[in-house]
Amino acid sequence: MAGCSDDQNANNGESTAKSPEAPEYPVTWRFALEEIEGSVQHAYAEALKERIEERSDGRILIDVFPYGSLGTSTQLTELVRNGSVNLAFASPGHLADKVPEVGIFTLHFVLPEDTSVTRQLLASPELITLFEQPYASQNMKLLAFVPEGWMAWTADKALRTPEDFQGFRIRTMTSDIAEEAYRAYGAEPSQIPYSQVYSDLQLQKIDGQSNPVFAIEEMDFYEVQSTLTVARPAQFVSSVISNLEWYNSLQENQQQWLDNALKDVAEIAWETQEELNQTRLQKMLEEAQLSVVRLTDAEREVFREASMPVRDIYLERTGESGQQIMGTLLQLIKTLEAKNQESADSGNGG
């Protein structure tokens with residue numbers, strides 16, 4: 001519904017102001033993904049498409065473009081910024097070069113072990129608000145954060161200690177802060193587009209890579225790597241974005257359809273990533289000679305200690321806004337963990 005306002009410049013009873021023209025329906029929105037069909041992002045996009053088209057009675061249609069249809073992740077973000085694409089996924093792994101603050105999600109051992117706390121954290125309005133201005137400075141509207149599961153490492157050997165990373169050529173996402181996370185272990189990181197990883201592994205231009213389990217399976221990385229190390233250093237967190245000017249220009253009812261649909265599908269994304277990460281791991285074990293190594297708490301603690309200096313690098317590059325985000329995020333984690341523990345104690349009769 002178009003908004004109305006009083007005309008302060010009436011002349012002979014006639015208003016000189018023009019009301020916004022109602023759009024000619026149906027309207028098509030373009031939604032670009034960083035992942036292929038069958039992925040967490042694809043399931044999310046299809047669910048969002050269904051909700052918006054249903055809520056709008058078919059007045060809004062969504063065209064979904066899986067990864068490879070329109071370009072690399074970096075190119076998709078540029079398409080959103082210049083208005084060629086309305087909606088897209090944008091992961092911190094490349095976005096941190098434009099919005100340094102989101103590099104916090106590529107830091108290791110920051111997000112909590114309890115995935116339900118991470119889920120609550122990323123949906124927190126307080127956290128979203130902290131990132132709104134950094135995104136807006138690049139003409140992007142932050143709509144949601146979407147967790148896609150723990151990152152795992154693949155290689156032709158187990159990666160149990162930082163010493164195993166010495167001279168190890170690992171593919172990272174295309175941001176400098178993502179590189180720093182592995183340089184802290186002694187690795188030789190390389191920024192390589194997602195679509196190029198398989199061939200570079202096959203040709204032994206790199207020694208390994210890091211992704212959520214479902215992505216490792218769907219991109220067939222396990223075909224050219226023998227060992228998967230479950231270290232849980234970080235969750236893969238992506239963000240859903242739109243062009244800022246486009247979002248602000250939407251009719252009020254269109255914004256409501258979009259905002260409400262995003263709330264509807266948050267649960268779907270969570271359930272999908274859990275299911276896919278479990279079933280895809282089982283599939284890889286059944287189809288390949290894949291060794292799975294799970295790090296102990298003591299082994300993870302060594303990596304955690306080695307990762308701590310990268311937080312200082314993040315703070316140096318983000319300044320006051322990064323300090324505020326880091327402090328707020330860590331405090332939110334403590335608050336949510338305490339709240340969850342209190343609920344658990346109450347449930348146990350404590």
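**Figure 1. Residue classes and overall confidence of the predicted model.** In these legends, Ala, Val, Leu, Ile, Met, Phe, Trp, Tyr, Cys and Pro count as nonpolar. Asp, Glu, Lys and Arg count as charged, and the others, Gly among them, as polar. By these classes, the lining of the second largest pocket has seven nonpolar, six polar and three charged residues. The structure is a predicted model. Its chain has an average pLDDT of 90. A score of at least 70 is reached by 93% of the residues. Residues 1–19 have a pLDDT below 50. Beyond near neighbours in sequence, this stretch makes 11 contacts in the model.

Figure 2. Strand β4 and helix α10 each give at least two residues to the lining. The largest share, six residues, comes from α10. Val230 also belongs to strand β8, where it is buried.

Figure 3. Two or more lining residues come from each of α4 (115–122), α5 (125–136), β4 and α10 (252–287). Sixteen is the nonpolar count, written 16 in the class tally, against six charged and no polar residues. Both β4 and α10 also give at least two residues to the lining of the second largest pocket.

Figure 4. How many cavities of 30 Å³ or more does a search of the whole structure find? The search finds one. The space in this largest cavity is about 180 Å³. Of its 17 lining residues, Thr106, His108, Met151, Met173 and Tyr182 are the closest to the centre. At least two lining residues come from each of α3 (92–95), β5 (169–172), α6 (176–183) and β9 (235–243). Strand β9 gives the largest share, three residues. The lining includes nine nonpolar residues and seven polar ones.

**Figure 5. Helix α6, a mostly covered element.** Six of the eight residues of α6 are buried. They are Ile177, Ala178, Glu179, Glu180, Ala181 and Tyr182. An α-helix has 3.6 residues a turn, so residues three or four places apart point the same way. Tyr182 is also among the lining residues closest to the centre of the largest cavity. The helix as a whole supplies at least two residues of that lining.

**Figure 6. Strand β8, covered on both faces.** Side chains in a regular strand alternate between the two faces of the sheet. In β8 (residues 227–230), Thr227 and Thr229 lie on one side. Leu228 and Val230 lie on the other. Are these four residues buried or exposed? All are buried, which means under 20% relative accessible area.

**Figure 7. The strand partners of β8.** Strand β4 (residues 140–155) runs antiparallel to β8, and three bridges join the two. Trp153 stands opposite Thr229 in β8. Strand β10 (residues 291–294) runs parallel to β8, with four bridges between them. Here Val293 in β10 is the bridge partner of Thr229.

**Figure 8. The cis peptide bond at Pro26.** Most residues other than glycine have a negative phi, and most peptide bonds are trans. Which two residues does a cis peptide bond join? Tyr25 and Pro26 are joined in this way, with omega about 0°. Pro26 sits in the segment before β1 (27–32).

**Figure 9. Gln204, a residue with positive phi.** Gln204 is not a glycine, yet its phi is positive, about 60°. Where is Gln204 found? It is in the loop between α7 (197–202) and β7 (208–212). Gln204 is exposed, with a relative accessible area of 57%.

**Figure 10. Asp220, a residue with positive phi.** Asp220 is a residue other than glycine, and its phi is near 65°. The loop between α8 (213–218) and β8 holds Asp220. Its relative accessible area is 28%, so Asp220 counts as partly exposed.

Notes
Residues are numbered from 1 along each chain as its sequence is written. This is a predicted model: local features need pLDDT of at least 70, side-chain atom pairs count only at pLDDT 80 or more; totals for chains, interfaces and linings use all residues. Side-chain values use heavy atoms; hydrogens and water are left out. On a 1 Å grid over the protein atoms alone, a cavity is a set of points where a 1.4 Å probe fits but cannot get out, and a pocket is an open set with protein on both sides within 12 Å along at least five of seven lines; lining residues have an atom within 4 Å of a point. Grid points are joined across faces, edges and corners, and a volume is the space filled by probe spheres set on the points. Buried means under 20% relative accessible area, exposed over 50%, partly exposed in between (1.4 Å probe, protein chains only). Two strands pair if DSSP finds at least two bridges between them. pLDDT is the predictor's confidence in each residue, from 0 to 100. Contact means heavy atoms within 4.5 Å.
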